[in-house]
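Here is a short tour to read alongside the model. Please keep the viewer open as you go.

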Amino acid sequence: MTEFRVWAPTPAQVRLYLDGTDGVAHAMTRSNDGWWHADVAAAPGARYGFLLDDDPTVLPDPRSPRQPDGVHARSQLWDPAAAAWTDDAWRGRSVAGAVIYELHVGTFTAAGTFDSAIEKLDYLVELGIDFVELMPVNSFAGTHGWGYDGVLWYSVHEPYGGPDGLVRFVDACHARGLGVLIDAVFNHLGPSGNYLPRFGPYLSSASNPWGEGINIAGADSDEVRRYIIGCALRWMRDFHADGLRLDAVHALVDTTAIHILEELAAETDWLSMQLGRPLSLVAESDLNDPRLITPRDRGGYGLTAQWADDIHHAIHTAVSGERQGYYADFGSLATLAETLRRGFFHAGTYSSFRRRRHGRPLDTGIIPASRLVAYTCTHDQVGNRALGDRPSQNLAGGQLAVKAALALGSPYTAMLFMGEEWGASTPFQFFSSHPEPELARATAEGRRAEFAEHGWDASKKGDIPDPQDPRTFRRSKLDWGEIDSGEHARLRRLYRDLIVLRRTEPDLADPWLERLTVDYDEAERWIAVQRGRLRIVCNLGAEPVTVPVTGDVVLAWGEPTVGAHGTVLEGHSFAILR
């Protein structure tokens, strides 16, 4: 017998529809807590769903383990205990100080599947990557999309390869010494295939930029919180993930005494003890709030790390000269130096984009820099541009090299976005495949409005790629044929060498910001970051400049000349000196 359970306090009647029973719906018994139960003989892999009240529509299981026919169809039984794992020897690894590689399964390879991604894992190992971070792989409507419109959080997107494909991918990563992080979205649900409100009070009256908020603090929210935490633990327990990237946690509005992130962190630590391997929670947050990564015994939530957008903004604007939207407060070398030294630029300071004070200072004596993730590209910082254009489509090779040196030479945990390391010529645009025409139109209009809000010119409608056009998706696939050609190959070698240096130089492993110093000259456009005996000197200007730093060249882009009084750097170049 198979036990079927579903939390559905809203309907007065719930029945189980199961394949192989001649269309007969099985009655379910309700408990006082709103859970419905039925024990029914079911074959492995049987399709099933639930009938609510008198509605004849069979709805998928909110905790569906598999959706072979999409999010609107019936669920399918899938037993994680039957998965063919070979990673018994895997003992995990820490995210702190690691190099993470963010990728989107659908555009990472031409085939866009877990199995085709496995074929590129040896390349990532050779590059020096420690963790692969998968953009969301939960089920969402349509065949392709970014994955942030998931509606069945417990199941794996079938076009990628479903749950068995994810097992093979994680197993293959572990066999090569690569950890795996999975991007999990718990702050909203997608607009297509969201049947959860039919079952119970999953949604709140609040909203966020992506839709209705999740009920994590209102009446009857305890089971909703368990739904979220159970899903998070499932990725790490059943799919052997080494941690999660938690999307936009600032949209998790929790007014209870124990924030859901603190609760999730505690349960993740407990699961880590049970499994005997490290598990990491990495938050994306717009708050610049160090409480996320402050240990729980010091009053924080105890997450492992969080993305640091200020570092991205400070590096990108200083190199590129862009100032639109939320870049307005960044761009000077003074801002870059302050951000590299403190992790957050906005730390109780005025934000012109928000038109208010923003952030809180990071206690650099308590919180190591490795709890912040630094990057020069992410899916957001590329894909949320109106054209989805990468820095490599707008900047010179030397500018890309300077950005890489500042990020990978920093004491922060580092992250790359797929293709960044060779200056990929392909864009990463926003794409979707909503089956409902009206939803497709609304998505396109919403993106144009968002581009305008962030300072991109959205006035020319025809210039912005249509998210629903299949060509937008195809354009965003990486071109692996270019990685060994010309400047692409040169940049890739530089990334590899920077990662090797990061791994082998003890001074670059020091995570304490109080031992990092930064000097700069605003007028001459040079900056020098000192990490122990090493100095990373960069020329962000187009003309040669003499930096008053000397030493032996360890690694460089360009041909620096070291003299008695300083180092001459070509325009848009850097050198690491000892």
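This is a predicted model: local features need pLDDT of at least 70, side-chain atom pairs count only at pLDDT 80 or more; totals for chains, interfaces and linings use all residues.

Residues are numbered from 1 along each chain as its sequence is written, and side-chain values use heavy atoms, with hydrogens and water left out.

Let us start with the overall layout. The protein is divided into domain 1 (2-59), domain 2 (97-288), domain 3 (437-467) and domain 4 (516-577); such bounds come from an automatic or database domain assignment. Taken over C-alpha atoms, the centres of domain 1 and domain 4 are separated by 67 Å.

Helices (H or I, at least four residues) and strands (E, at least two) are DSSP runs, numbered from the N terminus.

| Residue | Phi | Loop between |
|---|---|---|
| Arg525 | about 65 degrees | strand E22 (516-521) and strand E23 (526-531) |

Arg355 counts as exposed because its relative accessibility is 68%; exposed means over 50% relative accessible area, buried under 20%, and partly exposed in between (1.4 Å probe, protein chains only).

Finally, have a look at helix H11 (residues 397-408). Its 12 residues reach 16 Å from first C-alpha to last, close to the 16 Å expected at 1.5 Å a residue; the expected span is 1.5 Å times one less than the number of residues. H11 is mostly covered, with 11 of its 12 residues buried, among them Gly398, Gln399, Lys403 and Leu408.
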